[in-house]
Amino acid sequence: LNRRLAEFGTTIFAEMSALALSTGAINLGQGFPDTDGPEEVREAAVRALRDGRGNQYPPGPGVPELRTAVAAHQQRRYGLSFDPDTEVLVTAGATEAIAASLLALVEPGDEVIALEPYYDSYAACIAMAGGRRVPVTLRAQEDEARFRLDLDELRDAVTDRTRLLLINTPHNPTGTVLTREELAAIAELAVERDLLVVTDEVYEHLVFDEAEHVPLATFPGMRERTVTISSSGKTFSFTGWKVGWVTAAPELVTAVRSAKQYLTYVSAGPFQYAIAEALALPESYFTAFRDDMLLKRNLLAAGLEEAGFRVFRPSGTYFITTDIRPLGETDGFAFCRALPERAGVVAIPHAVFYDHREEGAPFVRFAFCKRTDLLREAGERLAELR
Ligand code: PMP
Ligand code: GLN
């Protein structure tokens with residue numbers, strides 16, 4: 001393994017899912033739902049397979065039906081207008097979109113600012129691109145029960161070498177949804193310092209309570225400098241299909257596509273046709289999906305509180321971050337490695353998402369995109385830790 005990748009080893013998700021399998025523990029680690037997405041979308045994939053749509057290499061930018069559906073979704077939800085031919089690119093999940101964006105836009109030595117804790121592929125992709133990551137830490141607020149971005153810290157992190165801001169909202173793993181004011185400040189900074197922005201919005205449909213998802217591309221001066229990434233894995237519960245997409249100005253899409261061509265060339269054809277239909281589902285699908293996840297959030301949060309964790313009730317995503325110190329624990333890593341044996345539950349330690357590992361040490365993430373009986377059972381098992 002070369003020096004750029006040596007520090008990364010096996011992803012925490014593979015490690016913890018393997019631990020769940022070998023111990024039979026309830027897997028609240030890796031974020032994937034245990035119930036498949038809509039029947040009609042599965043049927044649409046079968047139809048595409050049967051009809052021979054997408055069984056051979058689909059077009060490089062993605063099938064026109066899906067690009068059109070992505071553009072229509074951005075228009076309908078956010079009033080953002082993108083040309084399906086020049087401003088939309090289909091990728092092999094958001095993961096490839098992140099990789100291709102960084103490989104296309106970062107020069108060796110460029111600094112990339114990412115919100116810490118960051119989704120693990122960000123660090124690896126910045127490294128593969130030869131960039132330098134500059135983490136800006138989201139900190140747990142005692143009073144607000146939320147992880148918050150310090151805008152002054154973000155401003156101070158920008159240097160002459162900064163090439164781009166890598167933003168994620170709703171944010172994995174903290175569940176923070178950046179507010180309109182925070183996003184406006186990020187946008188102003190990007191414009192003032194002439195930075196590109198790559199924004200990972202895969203949890204755009206998983207936003208709860210009073211929170212609102214506002215795409216960064218909607219702010220003044222941002223449309224032309226922002227690469228927006230999303231994916232069908234989260235919104236439609238088909239994480240195995242690996243259909244994601246990028247929307248951006250033509251020059252940016254062209255750049256990202258140049259890298260994408262040599263990573264996967266294209267992604268699986270029949271699934272693209274099915275996701276085109278999924279994006280056109282009535283609003284009631286999205287509302288019901290969110291309401292169901294909200295119920296699960298509340299159920300798991302109650303179980304975790306009951307078990308003695310300090311719970312950061314997320315405004316978005318399907319993850320709950322907890323502080324394990326009230327349980328008399330301080331090392332999330334050791335806690336998560338022992339948890340399957342101690343309580344029959346798998347969780348993810350935050351520390352792996354930090355450069356400043358000590359900042360993340362006491363935090364542990366639990367996924368709630370699981371059946372309610374499992375969430376209830378997990379709560380009961382964790383209560384035994386007391
Ligand atoms: N970004 C974030 C923040 C994620 O949590 C995930 C994980 N699902 C991804 C990107 C990857 O998405 P995909 O499965 O579409 O590659
Ligand atoms: N995004 C999912 C999570 O955060 C996992 C995806 C993966 O395994 N790479 O848990």
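**Figure 1. Residue classes in the shell around ligand 1.** In this predicted model, the shell around ligand 1 holds nine polar residues, three nonpolar residues and one charged residue. Which residues come nearest to ligand 1? They are G93, A94, T95, S231 and G233, out of 13 residues around the ligand.

Figure 2. Helix α4 spans residues 93-105. With three residues, α4 gives the most to the shell around ligand 1.

**Figure 3. The two domains of the chain.** Domain 1 is assigned in two segments, 12-30 and 284-383. Domain 2 covers 39-279. How far apart do the C-alpha centres of domain 1 and domain 2 lie? They are 25 Å apart. In the contact, domain 1 supplies 27 residues and domain 2 supplies 26 residues.

**Figure 4. The side of domain 1 that touches domain 2.** Which element provides the largest share? Helix α11 does, with six residues. By class, this side of domain 1 has 14 nonpolar, seven polar and six charged residues.

**Figure 5. Confidence of the predicted model.** The mean pLDDT of the chain is 96. A pLDDT of 70 or more is reached by 100% of the residues. The model scores are ipTM 0.97 and pTM 0.97.

Note on methods:
Residues numbered from 1 in each chain as written. Chains lettered and ligands numbered in written order. Predicted model: local features only at pLDDT ≥ 70, side-chain atom pairs only at ≥ 80, totals over all residues. Domains from an automatic or database assignment. Contact = placed C-beta atoms within 7 Å. Helix = DSSP H or I, 4+ residues; strand = E, 2+ residues; numbered from the N terminus. Nonpolar A, V, L, I, M, F, W, Y, C, P; charged D, E, K, R; others polar. Near = placed C-beta within 6 Å. pLDDT = per-residue confidence, 0-100.
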